[in-house]
Amino acid sequence: MNRIARVLPSTILANIQLFLISLQRLDRTDLLERWDRENFGLYQPYPWEQRLLGLTLGKVGRDSLLPAAKDDRQRCEVHFYAGHRFLTFGDLPRAKAEFARCAGLPVDCAERRLALAQRARLVAGTSPSARHRVAGLRRRLAEQPDPAGALPLARELEALAARTLDGDDPLLQRVLFLVGRSYFAAGQYAAATPVFGTLVHAMRVAGHADLPEFGDVVQTYGHALMHTGKPGEAVRQYEEVLVLREATVGTGHPVHASALHNLGAALMEAGNAELAQPILERALALARRVSPPADVAATLNALSKAYLTVNGNHDRVAELLRESAETAPSVQQKHVALHNLAALKASQDREDEALALLRQLRAERQGTGRDGTEQDIADLNLLARILIRRGEHEEAFHHARAALDASGAVWGAQHRRLAELLVKLLVTSAATGRLEYAADVLARLQELEDVLLRAAIASTSARGRVRVVNDLRENAQTVLTQLTGRLAAVPGAARSASAVLLRGKGLLGRLAEAGLRRPAGTDELRTELDDLAERLHQLEMTGPVGSDGYDDYVREQRRLKDRRDEAELKLARLLDPAAALPGIHPEEVAAAVPADAALVDFARFAVFGEPERNRYLAVVSTRDSAPVLVDLGPAEVIDEAVAAFHDLLTGAAPDRSAPDLIRPATADSDEPLLAHWGGVIRERIFDPVVPHLHARTRVLVAPDGEIATVPFEVLPAAGGGHLVDEYRFQYLNFGGDVLRTAPEAPSGPDVVVASPDYDLGGVSPAAADDLDALRAELREAGTDAFFAPLDGAREEGAHVAALLGVQPLTGPDALKARVKHLTGPRILHLATHGFYWPSPVYDLFETTGMVATIAAEDVLTGRRGGQRLLDPFLRSGLALAGANVWLGFGTPPAEAGNGLLTADDVLRMRLAGTDLVVLSACETGRGQVRNLDGVLGLRQAFTIAGARTLVVSLWKVPDQVTRELFDEFYPRLLAGSDCAEALREARSAIRARHPHPRDWGGFVCQGEPGATRLRTR
C-alpha cells in the first residue's frame, strides 16, 4: 500500500476530500476535528492539495483560493469542492453555480465528470421512475450479445445514469462497469477510458478498493489508457495492479504473470525499454510455466519489441515473433505477431515480403467483422509507410486516410500513433496534388504534437522523453521537406515552418530544463535525483575499467538508470506540463524581436525519403512583417565550405577533398582561401536572407548544424571588408529564446576561475608509469585527453580579476565543487581548457535514449570511456583542477571530483542572478551538432542554468590577443555598455591591431536580445 500511496498522492488526497465531505453531511464534528488535529499537517509536502483540504474544512475560503489556481484543472477542483461545501450547508443556488463552473471548464478529470452528474441531479432531481429506467437499460445492455449493437444502449445508459444517480450510489458503479466494458468490447477505447477512470475513482471513494474486482477494474483502465496512447498513465495503473496481485495471489500465479506483462508492455510503449525488458523476461519465464498459450504469445510479442530496441538483434526478434504466431490460439493474436514480423521485414528492406504478408493478413480479415479495429489500423499504417517508400503515393494516401477515419473511435484524438498517420497523409496528399487537404493535415499535426509533448513531460522519465523528441524530430524533417517542396506555395507555409522550429528545435535541452523544475514539496525528491545523476555521471565519464570490467559497468549503469527513471517518473507526475514547457507561437516570437532587429532561425534537416541528403533553410522573423521561409539548398555544399573555413581560422590544414563545385581553382595562400570559402558561406546562407531583413542591420542568429561553428562577423562582405562592418550579430540557442527573460534574483560577487592546476601537484603515480604509452594509445584513437598548463590563462585571470576587484580562483583552488556550488555571481569568467568530444560512432540506439551495447574490446579503456557517451551534455565541458589526475587513473581530492565540469553539471548550477558568463577557452562554444538540435553543450547549459548572456570562444584565440580583448571589453561593460555592444567595440579595437579574423573573430555573444547591462549589486 505504501507503494500505491507514493505513486498516486493526488488521487488519495482527492479521496480524503470526499471522505471529509461525507463526515460533514453526517454531522460528525468530533471525527472531523480529530482528523484535522491528527492528519491535516501530514499533507504539507503537497501545498495545493492541503489548501483544498482547508477549503473543505472551512480553513480557507473559495474566493481566496481561486486566484491561486494555476490552471483549469486546479480551478475545476476549487469549484467542485466549494460546490460540495455549499451543498453540505444547504446553499443550493451557490452549489449549482459552482458545479456549473466546474463542468464548464475544458479539462478531463474525475471532479468535472462528477460535477456534471451533481449539477444534473440538482437541476432535475432524481425520481424512482428514473432509477427504474436505469436498471431496465442496464439489464437490456447486459443481455446484448453484439458489441456493435450494444453501443447505442451504452451511450443512452451512460447519459441517463449521469443525470439520475448519486456519485455514491452502488448502482452507479455497476452501470459504469457495464458501460465501460461495452465500449471496450466494441473497440471504442476513447469512450471507455473516462468511464473506467470515473469508476476507479468512485470505488475508492466508496471504500471498495479492497474488493477483489477492484484490481480487474484498475487493470482494464490501464488497458484503455494503452489503447488511447497514454502508456505513461497506464504504467501507474499497472504498478498498482502488480502490488494488488502480489498481495492476493502471490508471485507464481498466471494473474501475476499477466500483471508483469502489462507493466512491461506499458513501459516499453512509454519509451523505457531497458526497464521493460527484465520485467517482460520475468513475465515470459512465469507464463511458460503457468499461463495459457494466449498469454505466452502476447508476452513473446512484447518482448520482441524490447529486444529490438535494446539489442537490435533482428534474428532473435524474428524467432520470438514466429514463436508467438505459432503459440497464439486465436487468428486475431496470430495476426498481431505476423504484422510485427512484416514490420521487421520492412525495416530490413525486404519490402516485397512485407507487402505480401500484410496483404495476406488483410485478405484473411475481410468478412470477419474486424475492419476498423486497432489491428486493421496498424496494418493500413504499415502498408502506407511501405508504399510511400516505393513512391506509390496514391494507394498510400487511401490506406492512410482509411486508417485515420477508423482511428477516432479506437484511439481518440490524442494518440501518439495518430501523429504517424498524419505525417503519412501530409506526404501523400502533397505528392498527389491535394494541397488544401495537406494544409489542413499539417495544422492538425501541429496541434497534436503540442499535446503529445506536454503529455510526455507529465508521464515519462527523461529517457522516455527522448523517444518523443526523436519522433518529433523525424516528423519535423518530413514537414520541412514538404514546406520547401510541394507545399512551398501554400499560404502560411513560412508560419508553419516557424512553428516547426519553435516546437522542435533544441528540444532535448528544453526538456532537460523542464525536468529541472522544482515544484513545491519536491526538495527531497530533487536531492535524490541530483545524487543519482551525479553517480551516473561519474560512472559514465569513467567508463569500463578494462575489457574485463565491461559487464560490471553495464550492470551498474542499468541499475542507476532504473533508479533515476523511477525518481523522474515521480517528479513528472507533480509537474505542470503547460508551465514546464509552454507553447511558443510565431506571433509571440515576432512581437518579442526588438524593433531594430531581425531573427534568422536556421535549420538543417534530412530530406524525406532520402535520409542521406540534407538541406538548410532559414525562417526570418521581424516585428512588423510575416515570417519568411528561405530555402538555402543542399547542406553538403554548405558544410564542406564551413569545415574548410573553420580549419583555416583555427590554423588547421585546409581540406583539399572538397567537391569541385566549391573547391577554388587556385588557392596557395591563406587569404585567398579564407575569402573564397567565406564567400561561399555568405552567398549560401546569408545573402538569401538579406532582402527579408528590410534594411535592418541587427541580426539575431539561431544557428543549426555546422553553421553553429562559424561567427557571421568574420564572413567577407560582398563589397569588401567583413559582415561585422555592416551588421551587428547576436546568437541564440533557438528562436524561442527571444522570449526568455532572466528571473529576478540577487547577484553575488563576481568570480574569476583561471588556469587550474590540472595535475594538482603532479600526475598520479598510477598513471606515471604508463603515461607515455597511454598518450600514444589516445593519439592513435584520435584524441589526447590530458590538458596542458595554461600560463596565458593565469595572466588573463589575474588581469580580469584586477579589473573586477576580486581574487581569482587559480591553480589548486580552481576546484569543481567550488564552481558547481556558486550561487548567481554577477559575472563568471572562466579561463581554462574547454573540451568537446564529438558524437560517438556507436550511436546505434540513440533513438531510444540508451547507451549502445558494444563489444568490450571496442571501448577505450579506463577514463576515456567518456568519449563514447551518448548524452551530449556529458561530452562538452571545462577542465578544472585535478582533471589530469583523474584522467591518469588517480584519485583527486574530494573537492576536485573528476576535474571535469561538464555541461550536465552546469545544468544543475544556480545562476539566476548571473548577468554574464565568459568562457575564455578553446571549443567552449562548441557542442553536439545534429539536425534541429541547435547546439547542445555548454552554451545551452549555462542559459538553462539562468545566465542572461554568454561570451564564448569558437576556437583557441592566442593568449596575448585574448588578454587585449578583455582589456577592451570589461571597462566598456563596467561603464554601462550592454554585453553585445561592449564585445563589438572591443573586437573592433583588437581588429585594428590584429587584422586576421582568427585573432579578433573567435568570441561571440549569446543571450537575451534586449540590451543586457550589468545589474547593480
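Let me start with helix H16, which covers residues 273–290: at 1.5 Å a residue, its 18 residues should span 26 Å, and the end C-alpha atoms lie 25 Å apart, which agrees. Please keep in mind throughout that this is a predicted model.

Staying with H16, which of its residues are buried? Going along the helix, they are Ala 273, Glu 274, Leu 275, Ala 276, Gln 277, Ile 279, Leu 280, Ala 283, Leu 284, Leu 286 and Ala 287.

Now let me move to another helix, H13, which runs over residues 212–227 and contains Gln 219. Is Gln 219 buried or exposed? Its relative accessible area is 14%, and because buried means under 20%, Gln 219 counts as buried. If we leave aside residues up to four places away in sequence, Gln 219 touches Tyr 238, Val 241, Arg 245, Ser 258 and Asn 262.

Finally, I would like to turn to the loop between helix H33, residues 670–686, and strand E4, residues 698–702, where we find His 694. His 694 is not a glycine, and yet it has a positive phi of about 55°. Ala 695, which is found in that loop between H33 and E4, has a positive phi as well, of about 70°, although it is not a glycine either. As for accessibility, His 694 is partly exposed, with a relative accessible area of 45%, whereas Ala 695, at 75%, counts as exposed, because the cut-off for exposed is over 50%.

Terms used: Residues are numbered from 1 along each chain as its sequence is written. This is a predicted model: local features need pLDDT of at least 70, side-chain atom pairs count only at pLDDT 80 or more; totals for chains, interfaces and linings use all residues. Side-chain values use heavy atoms; hydrogens and water are left out. Helices (H or I, at least four residues) and strands (E, at least two) are DSSP runs, numbered from the N terminus. Buried means under 20% relative accessible area, exposed over 50%, partly exposed in between (1.4 Å probe, protein chains only). Contact means heavy atoms within 4.5 Å. The expected span of a helix is 1.5 Å times one less than its number of residues.
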